[in-house]
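Student: Could we go through this structure together? I would like to begin with one of the helices.

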Amino acid sequence: MTLSVSVKHTFEGFTLDADFKAPAGVTALFGSSGSGKSTLVNAMAGLLRPDHGRVEVGDRLLCDTDQGLCLPPHKRRVGYVFQEARLFPHLTVQQNLRYGRWFAGIRGSDTEERRLVDMLGIGGLLTRRPGALSGGEKQRVAIGRALLSHPLILLMDEPLAALDEARKAEILPYLERLRDETAIPILYVSHSVAEVARLATTVVLLDKGKVLKTGPTEEVMSDPALAPAIGLREAGSVLSAKIVKHHDDGLTELASAGGRLFLPRIGGNPGDRVRVRIHANDVVLSLDPPGRISALNLLPGTVTSIRAGSGPGAMVQMQAGDDQILARVTKRSIAALGLEPGTGCYAIIKSVSVSRADIGAGDQSIAKSDTTT
Ligand SMILES: Nc1ncnc2c1ncn2[C@@H]1O[C@H](COP(=O)(O)OP(=O)(O)OP(=O)(O)O)[C@@H](O)[C@H]1O
């Protein structure tokens, strides 16, 4: 289901002027604080009437100011999940879940409720009240409540921001299942590169109220020109890969479009698709295949673009198979190696530089890894 959004709105000192289209899946609205993410989400939810705008989800028009149409929030069939779960404290988990359905005037079925409860792993919590739940559990209930109202689209505004790292790690797999097992489009607001890299099918990069770029996650994340907006320390590529084998020495072997990768053991079974985030800071470039070296991952490729920063560093993008890899190196190294678009080189990646948080379940949008076994 396609998402088509065009919103113009001015507050004193700030103008949002954003247009984007996104296919089904998770669309991440990513940008620094004050870039206009929440304003855009509020315009989509009907909580803000934009000066000018058109919002369409699939073939349903929610707002078109040219036609004088701007549906109120309760007529938009939008599920909203906020930073805090905002559950009713006096109701049990099950009553909270059913409230979503009741509020939307939907009958729903017990089978549907059970399926959702299973998917979100909240079956053991149904009789508890929110006061007896962890932050991550509360968020899972809030997501279930939003889904049971049969939304046309799910808007998630920094749903993990209030959770600590352990709770985030606990809830991310459920969000991946939501992406892969439901057909509901999700607009996911975040300023965490790690979350976007793991979850998003499409990234809309916002900067000072404008869309810098919209595109598939792998493409946006590995664009050297966008690294300053993403954050130089956070920048990196997202590769799609397939688990080949878990080795006895604790390493997992993956097949990516660019070659084999060996990473510290990850969950999942041979054949499962995963996405792997490789930080640009963790990639070393070499013109020749290195001799005896401790790093286990060596991907051959060709430099596609170079973007020099204002300091001593530069971002180099290289193509390895169908994958783009981003490396952050010094301008001095670029000069010494004579790197330019078209230069053949090797990306060297230490296995241990990739952490568990950098690996997520792969989705249908990255089927190209199927060709890499
Ligand atoms: N109701 C309002 N009245 C006036 N200015 C507003 C209003 N809401 C937002 N703004 C301004 O619009 C700009 C964008 O805010 P917005 O909350 O959309 O950014 P954001 O990207 O969601 O930021 P954050 O990541 O910090 O939540 C900010 O400069 C903010 O001060």
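Student: Why does the distance between the end C-alpha atoms of helix α4 agree with its number of residues?

Tutor: This is a predicted model, in which local features need pLDDT of at least 70, side-chain atom pairs count only at pLDDT 80 or more, and totals for chains, interfaces and linings use all residues. Residues are numbered from 1 along each chain as its sequence is written. Helix α4 covers residues 135–147, and at 1.5 Å a residue its 13 residues should span 18 Å, so the 19 Å between its end C-alpha atoms agrees. The expected span is 1.5 Å times one less than the number of residues. Helices (H or I, at least four residues) and strands (E, at least two) are DSSP runs, numbered from the N terminus.

Student: Is α4 mostly covered or mostly open?

Tutor: It is mostly covered, with 12 of its 13 residues buried. A residue is buried if 20 or more other C-beta atoms, placed from the backbone, lie within 10 Å of its own.

Student: And what do those buried residues pack against?

Tutor: They pack against β7 (78–81), α2 (93–103), α3 (110–120), β8 (153–157) and α5 (165–181). Contact requires C-beta atoms, placed from the backbone, within 7 Å.

Student: New topic: which domains does the chain have?

Tutor: The assignment, automatic or from a database, gives domain 1 (3–227) and domain 2 (236–372). Their C-alpha centres lie 31 Å apart. The contact takes 19 residues from each of domain 1 and domain 2.

Student: Which element gives the most to the side of domain 1 that touches domain 2?

Tutor: That is α5, with six residues.

Notes
Two residues are in contact if their C-beta atoms, placed from the backbone, lie within 7 Å.
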